Amino acid sequence: MTSSFRLLPALALGLLLLPGCYSRKDIKEEAGAETPTEVPSAEAPAAAAPQETTASPAGVSAAVAGPLAQVNVFLEVSGSMEGFMPKTGTSGTNTRFQQHVAQFLSEVNRSSAARKNFLRIKEKPYRDSYQQLSQTVRGGIQQPASSTDIPTVLDTLVANYYAPNSVSVLISDFIYSPKNAGAIPYISTDITDALNRAQQPDLAVSVYGYTSDFRGTYYPALTSSVKRINSCCDTDIPYYFWVIGPADAVRRFDNALLEKQSAQQAHFGVKYPVPASSLLSRFQNVGSWYYGEKDASKRTAGASYHTVAVSSVSAKEPVEFVVGLDLKQLPGLFRDVKYLKPNMKLQAQDTDAKIIDVFAATDQTKNSSGAENQYTHFVKVRVTKLGKAARPLQLVLQNQRPAWVGQWTTKNDSNINQAGAKTFALSSLLDGVEAVTTAGPGKAPIFTIPLTLQPAD
């Protein structure tokens, strides 16, 4: 990654003490003069003062009406990024990174956000116009920075660009290279300290992972065995968008601009509304049961039901019911059946109720005339034993680290062509993020759906 930034003296001193400075001395030094506009400290948005937020019953902070006030896009332009943005050759070919990021910058520029800032990260952030940054992506990095420190960059974003109803997006390969192997166990601590130093309220981070072809010199994080790999790479190389800001602003930005494209995802500290849901008595139901709500027999159009009244049940004659969920407002990660199946849990008392299937809507359910056409996903539950009184059930979607993070993590990227699309110490970086954004001893679930299971009257 890239650089050191202009900071307040006390903060700058603290950053100098951070272990694991990311510096690649063998990357070529800048050639020639460059005159981008340096961001004066007076221009940098002041750190937002702590504000109280009132959680809605759905667990989401009260949303700010209208578009975001500001979106800041930071693009790393160190030597390690040149392979993503090679200088345009006679063939006119470009990388998937160039195509993707150029399109993203255009979408941000056309977005309804009140203000858009485009910045390149070298030894400090420099403000560009949209046209200048887009040209860097398309035409290649002309004078790459020689070094960058990821904790410094994150500290600067959170301290100087964090504000209500605003987000910052950092585009980088996120390869963090400690000074020595002894500093590797402290990578997560470095990230935690950097994000936590400004003590910003309601901090959230969404991580989107992509891969691209890479044409240039690859600089491994650990240089003890291989300092550079020339004419790389035979494999795709990962790069990331980190969206940083208050939880509600991050959620809204993600939904508006990043959910339209395919990506690996991880979300930290972002809160989501509880999805619409209902029992579906005429969809794949088994056994003798009905809606237990008062006046449920009137079947009001669009009504939702959450009480299962069981007339009879046994091991030979089980009851099965389906809960419909509308997950359209959740990010793609939490709509993926591969995530839902292992992480959807049922909490119950005095019953053996258990989830037997989680599945997504099909063309058949979407085109059905039944209530199932209102839902994107379904959870099927089986019961063979029931208590003597009404008992609560809860469908809970747990907040777990997605499997791709481990799959994309490597402890040694000096053989990247053989290892494949992986990033050095990615899991440790995200451990550091999670420590800052997780309140209390455990992670809050993505959502909880309350149900009631009771004997029929």
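Me: What pLDDT does the chain average, and where is it below 50?
Reply: The chain averages a pLDDT of 84, and 83% of the residues score at least 70. Over residues 2-59 the pLDDT is below 50. That stretch still has 144 contacts in the model beyond near neighbours in sequence. Where pLDDT is low, the predicted coordinates should not be read in detail.

Me: Why is F174 called buried?
Reply: Buried means under 20% relative accessible area. F174 has 0% relative accessibility, so F174 counts as buried. F174 sits in the loop between β5 (166-172) and α5.

Me: What makes the phi of F174 worth a remark?
Reply: Its phi is positive, about 55°, although F174 is not a glycine.

Me: Which other residue has a positive phi near 55°, and is that residue buried or partly exposed?
Reply: D350 has a phi near 55° and is likewise a residue other than glycine. D350 lies in the loop between β15 (344-348) and β16 (354-360). D350 is at 43%, so D350 counts as partly exposed.

Me: Why is R96 called partly exposed?
Reply: The same test applies. R96 has a relative accessible area of 35%, which falls between 20% and 50%, so R96 is partly exposed. R96 lies in helix α2 (residues 96-110).

Me: How do you know that R96 meets residues from elsewhere in the chain?
Reply: Contact means heavy atoms within 4.5 Å. Leaving aside neighbours within four places in sequence, R96 is in contact with T211, S212, D213, D236 and Y239. R96 and T211 are 115 residues apart along the chain, yet their C-alpha atoms are separated by 8.0 Å.

Me: What share of contacts in the chain joins residues at least 24 apart?
Reply: The share is 80%, among contacts between residues at least 6 apart in sequence.

Me: What makes the bond between C232 and C233 stand out?
Reply: It is a cis peptide bond, with omega about 10°. C233 is found in the loop between β8 (229-232) and β9 (237-246).

Me: Which residues of α5 are buried, and what do they pack against?
Reply: I187, D190, I191, T192, A194 and L195 are buried in α5. The buried residues of this helix pack against α4 (150-160), β6 (203-212), β20 (423-424) and α11.

Me: Why is one space called a cavity and another a pocket?
Reply: A 1.4 Å probe fits in a cavity but cannot get out, whereas a pocket is open. The largest cavity has a volume of about 50 Å³. Its lining is R251, D254, N255, E259, Y272, Q329, L330 and P331. The largest pocket holds about 710 Å³ of space. Of the 36 residues that line the largest pocket, the closest to its centre are G269, V270, K271, T437 and A444.

Technical notes. Residues numbered from 1 in each chain as written. Predicted model: local features only at pLDDT ≥ 70, side-chain atom pairs only at ≥ 80, totals over all residues. Heavy atoms only, no water. 1 Å grid on protein atoms, 1.4 Å probe; cavity = no way out; pocket = protein on both sides within 12 Å on 5 of 7 lines; lining within 4 Å. Points joined across faces, edges and corners; volume = space filled by probe spheres on them. pLDDT = per-residue confidence, 0-100. Buried < 20%, exposed > 50% of the residue type's maximum accessible area, 1.4 Å probe, protein only. Helix = DSSP H or I, 4+ residues; strand = E, 2+ residues; numbered from the N terminus.
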